[in-house]
Amino acid sequence: MPVIAPMPAARPTTQLPSQREGAEEGVAAGTTVDHLTETYRAHYRSLLGLAALLLDDTASCEDVVQEAFIRVHSARNRVRDPEKTLAYLRQTVVNLSRSALRRRILGLKLLSKPMPDMASAEEGAYDQLERDALIKAMRGLQRRQREVLVLRYFADMTEAQVAETLGISLGSVKAYGSRGIAALRVVMEAQG
């Protein structure tokens with residue numbers, strides 16, 4: 001297991017005894033390099049186990065525990081009591097684990113969702129052939145039959161709307177539609 005050891009701070013080469021004592025008082029006892037190294041050796045596995053209860057993969061757990069030690073070292077001025085170092089580490093592991101879970105959930109929400117029941121390439125080709133055959137058969141119909149069928153079934157108009165659009169009677173729309181469908185059925189059955 002690697003040991004987190006921060007880079008030693010550069011100290012002036014000539015320090016007066018009073019300056020040296022003041023500098024040592026500024027560093028909290030709970031976050032000295034020796035104390036953190038000792039805490040790491042003694043509690044790394046238990047902190048890893050805590051992270052494992054919250055996360056599901058070992059790599060994430062190790063990352064969380066390492067980050068917790070880095071943050072404790074960075075916040076050494078806030079942790080003055082050596083006995084509170086472990087508690088601070090545990091709380092940091094829990095908070096970092098929660099953050100990791102939130103990022104995962106957000107990532108899952110943002111993933112593109114697969115299209116439901118996409119047609120295979122063969123089905124798409126077959127549909128295109130049917131469409132082409134239908135268009136060809138439609139071109140073979142009389143002009144009024146074609147107009148009535150296109151407006152009625154492709155433009156999704158009612159029979160009354162088709163009659164008004166074409167300027168013919170409702171009975172004529174029904175007759176042209178019925179004859180057009182019968183003619184299409186004959187042509188399509190002959191092809192299929």
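Trainee: Is D57 buried, exposed or partly exposed, and what is its relative accessible area?

Mentor: This is a predicted model, in which local features need pLDDT of at least 70 and side-chain atom pairs count only at pLDDT 80 or more, while totals for chains, interfaces and linings use all residues. Residues are numbered from 1 along each chain as its sequence is written, and side-chain values use heavy atoms, with hydrogens and water left out. Buried means under 20% relative accessible area, exposed over 50%, and partly exposed in between, with a 1.4 Å probe and protein chains only. D57 is therefore partly exposed, with a relative accessible area of 28%.

Trainee: With which residue does D57 form a salt bridge?

Mentor: A salt bridge here is a side-chain nitrogen of Lys or Arg within 4 Å of a carboxyl oxygen of Asp or Glu. For D57 the closest N and O atoms of the pair are 2.6 Å apart, and the partner is R104.

Trainee: How many residues apart in sequence are the parts that D57 and R104 tie together?

Mentor: Helices (H or I, at least four residues) and strands (E, at least two) are DSSP runs, numbered from the N terminus. D57 lies in the loop between helix 2 and helix 3, whereas R104 lies in helix 4, so the distance along the sequence between the parts they tie together is 47 residues.

Trainee: Which residues are linked with R104 in a network of salt bridges?

Mentor: D56 also forms a salt bridge with R104, and the closest N and O atoms are again 2.6 Å apart. D56 sits in the loop between helix 2 (33-54) and helix 3 (58-74), and R104 in helix 4 (residues 85-110), so this pair ties together parts that are 48 residues apart in sequence. D56 is exposed, with a relative accessible area of 64%, whereas R104 counts as partly exposed at 27%. The residues linked with R104 in the network are D56 and D57.

Trainee: Where do R143 and E147 lie?

Mentor: The side chains of R143 and E147 meet in a salt bridge with an N to O distance of 3.1 Å, and E147 counts as partly exposed at 24% relative accessibility. The two residues are four residues apart, about one turn of the helix, and both lie in helix 6.

Trainee: Which residues are in contact with Q145, leaving aside its neighbours within four places in sequence?

Mentor: Q145 is found in helix 6 and counts as buried, at 7% relative accessibility. Contact means heavy atoms within 4.5 Å. Once the sequence neighbours within four places are left aside, the residues in contact with Q145 are Y176, R179 and G180.

Trainee: Is T39 buried or exposed, and which residues is it in contact with beyond four places in sequence?

Mentor: T39 lies in helix 2, and because its relative accessible area is 6%, it is buried. Leaving aside its neighbours within four places in sequence, T39 is in contact with Y44, F69, T85 and L89.

Trainee: How many helices and how many strands does the secondary structure of the protein chain come to?

Mentor: From the N terminus on, the elements run α-α-α-α-α-α-α-α. Among contacts between residues at least 6 apart in sequence, 64% join residues at least 24 apart. The count of secondary structure elements comes to eight helices and zero strands.

Trainee: What share of the 192 residues in the protein chain do buried residues make up?

Mentor: Q145, at 7% relative accessibility, is one example of a residue that counts as buried, and T39, at 6%, is another. Within the protein chain of 192 residues, the buried share comes to 25%.
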